[in-house]
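Hello,

Here is the structure we talked about, with notes on its charged side chains. Please look through it before reading on.

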Amino acid sequence: MKNLAASLLLLSSVIAVPGVNAAKADFEQRIKIDSDRQAADLKNKIASYLDNVKITQGSLVINADIVQVFGEKDSDVKTYLAKGNPATFEQLLDDGKKINLQADEIKYEPGKNMITISGHALLRQQDSQVSGSRITYNTLTEQLSAESDKNERVTTILEPESKDKN
């Protein structure tokens with residue numbers, strides 16, 4: 001438990017670094033999904049996009065092998081579940097820097113402002129990174145948490161900013 005607290009403390013220092021702010025304007029943009037194939041179960045509000053799937057929303061881009069979109073009954077709220085080897089997520093942040101996520105699975109819940117990556121989860125921004133079994137990021141509150149399975153650890157690598165900025 002002490003190691004988890006230390007890891008989360010280090011992880012919070014990544015969030016405190018200017019530039020981890022999500023590009024909020026992206027979440028007001030339309031979502032576009034391209035794929036080689038698609039199938040839908042309209043009655044149960046499930047759409048499946050297969051092979052070379054690319055989702056874009058403003059500067060946000062998700063690439064995956066398969067994406068399933070689950071709609072809630074009597075609502076426009078949707079959950080996007082992307083799987084790949086790995087599935088990737090990238091976004092240009094408000095300060096012009098990119099954030100990159102990759103994992104076996106990416107769960108994107110725009111209505112809840114949540115992104116959860118799991119299975120070989122890796123978050124990178126500039127030269128710093130966090131890895132673990134599962135990483136959750138709230139795009140509204142800009143809070144991040146990371147955890148790992150038993151006998152594994154969350155790893156955070158923080159690189160100092162270059163002093164030579166020309």
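A salt bridge here is a side-chain nitrogen of Lys or Arg within 4 Å of a carboxyl oxygen of Asp or Glu. This is a predicted model, where local features need pLDDT of at least 70, side-chain atom pairs count only at pLDDT 80 or more, and totals for chains, interfaces and linings use all residues. Residues are numbered from 1 along each chain as its sequence is written, and side-chain values use heavy atoms, with hydrogens and water left out.

Side chains of opposite charge can pair when their charged atoms come close. The structure holds five salt bridges. One of them joins Arg 37 and Asp 51, at 2.9 Å from N to O. That pair links distant parts of the chain, since Arg 37 is in strand S2 and Asp 51 in strand S3, 14 residues apart.

Another salt bridge is between Lys 83 and Glu 105, at 3.9 Å from N to O. This pair also links distant parts of the chain: Lys 83 lies in strand S5 (residues 78-92) and Glu 105 in strand S6 (residues 98-109), 22 residues apart.

Lys 112 forms a salt bridge with Glu 109, with the closest N and O atoms 3.5 Å apart. Is Glu 109 buried or exposed? Glu 109 counts as buried, because its relative accessibility is 11%.

Regards

Conventions. Helices (H or I, at least four residues) and strands (E, at least two) are DSSP runs, numbered from the N terminus. Buried means under 20% relative accessible area, exposed over 50%, partly exposed in between (1.4 Å probe, protein chains only).
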